[in-house]
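Subject: Structure for you to look at

Hello,

Here is the structure you were expecting, with notes to read beside it.

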Amino acid sequence: MHPRGTPATKDGSIKSVAWTAFFTLLAVTALAEVATMQILQNYFPGLAGVTEALVDAAILSAITTPFMIFLIRPLLPGHVKAFNEMVAKVAERTRQLEAEVEERKKIEKALVENEARKRMTLLTAFDGIILINRESTVIECNPSAERMFGYGEGELTGRPIADLMPEKYRDGHARGVNRFLDSGEGRIQRQVVELEGLRKNGAVFPIELVIDNFTVNGEMYFTGTIRDITERKKTDLALKKLSAAVVQSPAAIVITNLAGDIEYVNPMFCQVTGYKEEEVLGRNPRVLKSGETKPEKYKALWETVLSGRT
């Protein structure tokens with residue numbers, strides 16, 4: 001026996017109600033047919049009698065029985081249970097789909113934010129960044145690259161990268177790209193190299209270039225990070241000129257650090273003092289003290305050296 005209120009008791013109650021409803025519908029249908037035939041007999045005496053009406057009602061009831069079973073079948077316990085299980089499965093699947101949709105939204109949001117950050121990095125980068133395809137056509141570049149080469153916004157897109165290099169580099173570039181596409185080996189991949197760039201107005205200027213590559217959906221792309229080193233080259237040239245002037249100076253020149261230790265002497269110093277360069281480097285200039293100069297002069301000299309004013 002099942003305790004009161006258990007699923008078995010509930011299923012029995014549902015089954016009893018379902019069959020009661022079924023037989024009630026049959027009885028009502030039969031009585032309705034009998035009543036209809038009787039009314040027709042009273043008002044239309046020429047029709048068959050009550051016996052024929054009962055037969056017709058029984059036949060009609062038999063015909064309608066399958067439809068009645070079809071109508072009340074979902075009310076039977078087994079079908080109710082199956083229906084409830086189906087509803088539960090649909091609800092669970094709906095919950096899963098909602099969770100998947102929410103997760104997709106989070107992923108899409110993260111991707112959009114990541115793309116926005118990368119885009120802002122590209123747009124605000126100090127160095128010029130250029131993206132080209134395997135045909136060496138510019139796909140995209142940042143504003144720094146456009147300004148560096150003297151082009152307006154969007155003017156570089158679709159142009160051959162050869163437009164940005166002097167004639168003497170173009171054949172070498174083409175051979176390098178073909179070699180990399182054929183063998184996967186590049187001589188200057190991920191290395192800093194110094195070359196020359198060509199501005200829109202035809203001016204040639206020194207650049208520092210780093211080339212890298214990546215693949216998307218089987219398509220090869222190359223990125224070039226470019227820095228204009230014009231100012232650096234000017235500074236280097238000025239330093240070389242200064243160095244040459246110091247080396248060739250007719251005056252003896254001594255360079256010390258803040259501690260007063262000699263770091264450099266020019267050839268004239270060696271000629272005047274008779275010391276070799278290696279004999280004085282790292283030593284204090286007091287080795288040159290002759291004894292004829294007043295102490296006050298040496299004191300003033302060292303105060304000037306140690307203050308960093310020389």
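**The largest pocket**

The largest pocket has 28 lining residues, and nearest its centre are His173, Ile188, Leu195, Leu209 and Ile211. Elements that each give two or more residues to this lining are strand E1 (128-133), helix H5 (167-183), strand E3 (192-198), strand E4 (204-216) and strand E5 (219-228). H5 supplies the largest share, 7 residues. By class, the lining has 17 nonpolar, 8 polar and 3 charged residues. Here Ala, Val, Leu, Ile, Met, Phe, Trp, Tyr, Cys and Pro count as nonpolar, Asp, Glu, Lys and Arg as charged, and the others, Gly among them, as polar. The space in the largest pocket comes to about 660 Å³.

A pocket is an open set of points on a 1 Å grid over the protein atoms alone, where a 1.4 Å probe fits, with protein on both sides within 12 Å along at least five of seven lines; lining residues have an atom within 4 Å of a point. Grid points are joined across faces, edges and corners, and the volume is the space filled by probe spheres set on them.

This is a predicted model, in which local features need pLDDT of at least 70, side-chain atom pairs count only at pLDDT 80 or more, and totals for chains, interfaces and linings use all residues. Residues are numbered from 1 along each chain as its sequence is written, and side-chain values use heavy atoms, with hydrogens and water left out.

**The strands**

E4 and E5 pair in the antiparallel sense over 10 bridges, with Leu209 opposite Ile226 in E5. These two strands form a hairpin with 2 residues between them, and Asn217 in the turn has a positive phi of about 55 degrees.

E5 also pairs with E1, antiparallel over 6 bridges. Ile130 stands opposite Gly224 in E5, and Ile132 opposite Phe222 in E5. Ile132 has a bridge partner in E2 as well, Val138.

Strands (E, at least two residues) and helices (H or I, at least four) are DSSP runs numbered from the N terminus; two strands pair if DSSP finds at least two bridges between them.

**The whole chain**

The protein chain has 9 helices and 7 strands. Of its 310 residues, 22% count as buried.

Regards

Notes. Buried means under 20% relative accessible area, exposed over 50%, partly exposed in between (1.4 Å probe, protein chains only).
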